[in-house]
Amino acid sequence: MAGNKGRGRASYTFNIEAVGFGRGEKLPDVVVKPPPLFPDTDYKPVPLKTGESEDYMLALKQELRGTMKRKPYFIEKPEEKPDIERYSKKYMQTYKEEWIPADLKSKNAQGTDKVSSLINAADVLKKIEELEKKGDGEKSDEENEEKEGSKEKSKDGEDEDNEDAEQEDDDEEELEEENDYVNSYFEDGDDFGVDSDDNMDEATY
Amino acid sequence: MYQVHKRGVVEYEAHCSRVLRMLRYPRYIYTTKALYGDTGELIIEELLLNGKMTMSAVVKKVADRLTETVEDGKTMDYAEVSNTFMQLADTRFVQRCPMVHTPENSDTGPPPPAPNLVINEKDMYLVPKLSLIGKGKRRRSSDEDAAGEPKAKRPKHPTDNKEPIPDDGIYWQANLDRFHQHFRDQAIVSAVANRMDQTSSEIVRAMLRMSEVTTSSDAPFTQPLSSNEIFRSLPVGYNISKQVLDQYLTLLADDPLEFVGKSGDSGGGMYVINFCKALASLATATLESVIQERFGSRCARIFRLVLQKKHLEQKQVEDFAMIPAKEAKDMLYKMLSENFISLQEIPKTPDHAPSRTFYLYTVNILSAARMLLHRCYKSVTNLIERRQFETKENKRLLEKSQRVEAIIASVQATGAEEAQLQEIEEMITAPERQQLETLKRNVNKLDASEIQVDETIFLLESYIESTMKRQ
């Protein structure tokens with residue numbers, strides 16, 4: 001019943017009078033873009049409080065900022081340099097690191113762990129290479145190449161967090177996913193001709 | 001800040017609220033200066049900057065700092081600093097940190113990965129019996145200030161202290177809650193002074209002072225105080241008779257703001273200060289003031305009207321406020337869009353059909369306060385961002401001016417003539433100087449704004465906290 005009445009005419013589901021618009025009155029424009037970043041204000045803001053105590057607190061604040069920066073507790077985020085890991089970094093330990101609890105300490109000392117884990121990865125790769133020579137090699141070849149790529153990347157990066165280990169995990173997971181799609185698509189030069197007959201995805205001219 | 005996870009791995013988490021307190025450090029330090037002088041100010045400053053320290057370390061450092069500012073020949077005695085420290089502990093502005101709990105049978109298995117910190121209520125303000133004899137040392141260029149050395153390196157301390165520190169392991173920290181209590185009391189007293197007069201604010205201040213140590217910081221109201229007690233503890237020199245005091249108290253208790261309430265008649269009348277209501281009034285006043293400054297006084301009138309009448313229809317708003325319909329509508333919608341006001345639906349029929357529902361305007365102070373607090377946080381963020389941006393833009397200029405200052409200082413130290421200094425000063429050109437001036441002015445303005453926004457943040461946070469506790 002209410003639906004029929006509204007056909008061909010703008011109507012609302014609620015009593016428009018209750019919200020304050022009379023019938024037929026011009027409604028405000030529809031908003032077509034996000035509000036401006038710095039909208040004009042009708043009223044200027046009230047000026048700041050001034051006085052002796054405010055001045056003193058201001059001076060205190062700026063002094064505190066300077067003092068805090070010089071404290072040993074102020075640990076700056078280590079800059080990530082994209083070039084190779086410097087040998088001297090292992091031996092140049094600032095004593096600021098003593099303030100960090102043992103668990104959260106930067107992984108400089110644990111660099112050896114990374115190396116050993118990489119060595120394990122290298123062993124695994126060797127095994128995979130042997131396997132590849134026996135069975136179907138495309139999958140492991142892909143992993144081989146990608147793993148070498150990620151190994152180099154993780155050696156270069158000076159990231160001292162756990163992110164690298166996680167990154168490797170992520171890389172491996174991504175690799176396995178990629179293999180689903182990329183597997184039969186792109187391999188070494190040797191096997192290219194052999195498999196192209198099976199692969200109907202490529203356009204044939 | 002940390003807790004041991006079930007699996008035995010230690011979890012760390014950052015306490016955001018504690019980080020935000022850093023905005024308030026200047027206020028804490030300045031308050032201590034007003035109450036306990038320069039000595040107190042430096043004690044609190046050292047504690048805030050270092051988190052926690054042993055008493056002897058604080059005393060030593062503060063004495064050294066004070067000695068430097070005093071003229072040559074005089075030194076600051078440790079005893080004076082210790083006295084101030086004890087005063088601060090007595091009034092609870094500093095408290096002991098929780099300590100490592102050693103169980104009786106300490107040889108059962110390996111120690112837990114993270115120490116379990118406990119503190120006994122009674123011990124929190126116990127000052128250890130130390131006999132700190134000594135005077136502050138004036139820092140010479142040869143003595144490197146070894147501040148903040150880790151505990152392990154303490155025996156290798158370069159200066160005289162060869163014996164082990166007597167109160168090792170007893171750390172003190174600044175008691176922020178106590179400061180907040182003080183700020184809250186200050187706000188209440190000044191509100192009463194603004195609303196009534198100086199005398200009533202002095203009465204309220206006396207009442208608050210009496211309940212300082214008897215009431216915990218998050219109680220909804222103070223212990224009942226009898227009129228006789230209040231009379232006795234009024235500050236000396238305040239010559240008002242008992243009857244006048246009683247009249248003032250009655251006036252305060254009858255005031256619609258309900259800061260003071262009457263809880264009984266024994267002892268000449270028992271009165272309490274109602275913190276919940278007081279904070280609510282302060283928060284409401286803040287909201288009203290924001291609306292007034294942002295939207296105008298007519299809007300503020302509508303806001304106060306809706307606040308008073310709790311629920312109003314569109315038509316009623318126009319009638320009561322005596323503002324033409326179009327304007328009233330406009331203002332209501334502006335406030336609605338910013339969430340200061342909200343709509344309450346009251347259906348006439350069970351199917352909530354919009355054409356048969358009442359829509360009433362109402363103000364929910366708690367949610368409006370939360371919204372305003374959120375905006376305050378955003379403002380602070382913007383202020384800090386802008387300040388950092390300004391500083392970064394002019395980094396080159398700032399560094400240059402610092403270098404020039406250093407040169408001037410070194411040249412002056414080795415004795416220089418006026419002409420040389422002039423030359424060095426001219427290394428900074430006039431427009432550059434102008435730029436530096438503008439930069440300094442802007443940065444100061446932004447900094448001062450941060451401090452002021454923090455005052456609003458404190459009010460709103462206290463109000464929200466007290467309301468949540470009551471529920």
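Okay, a definition to begin: buried means under 20% relative accessible area, exposed means over 50%, and partly exposed is in between, with a 1.4 Å probe and protein chains only. By that scale R304(B) is partly exposed, at 37% relative accessible area.

Some housekeeping. This is a predicted model, where local features need pLDDT of at least 70 and side-chain atom pairs count only at pLDDT 80 or more, while totals for chains, interfaces and linings use all residues. Residues are numbered from 1 along each chain as its sequence is written, chains are lettered from A and ligands numbered from 1 in the order in which they are written, and side-chain values use heavy atoms, with hydrogens and water left out.

Back to R304(B). What does R304(B) pair with? It forms a salt bridge with E288(B), the closest N and O atoms being 3.5 Å apart; the term means a side-chain nitrogen of Lys or Arg within 4 Å of a carboxyl oxygen of Asp or Glu. E288(B) sits in helix 9 and R304(B) in helix 10 (residues 297-309) of chain B, so to speak two distant parts of the chain, 16 residues apart. Helices here are DSSP runs of H or I with at least four residues, strands are runs of E with at least two, and both are numbered from the N terminus. E288(B) itself is buried, at 18%.

Next, helix 6 of chain B. There E202(B) bridges to R205(B), with closest N and O atoms 3.6 Å apart, and being 3 residues apart puts them about one helical turn from each other. E202(B) is buried at 11%, whereas R205(B) is partly exposed at 36%. Over all chains, the structure holds 21 salt bridges. One network of them links K61(A), R65(A), R387(B), D447(B) and E450(B).

Now the greasy part. A nonpolar core here is a set of buried Ala, Val, Leu, Ile, Met, Phe, Trp, Tyr and Cys residues joined through side-chain atoms within 4.5 Å. The largest has 68 residues, and I302(B) and M335(B) are among those with the most contacts inside it. Helix 13 (residues 365-393) of chain B gives the most to this core, 10 residues. Apart from it lies another core, of 33 residues, including L64(A) and F93(B).

Zooming in, I302(B) is in contact (heavy atoms within 4.5 Å) with V317(B), L332(B) and M335(B), among others, leaving aside neighbours within four places in sequence.

Last, the whole of chain B: 16 helices and 13 strands, with buried residues making up 42% of its 471 residues.
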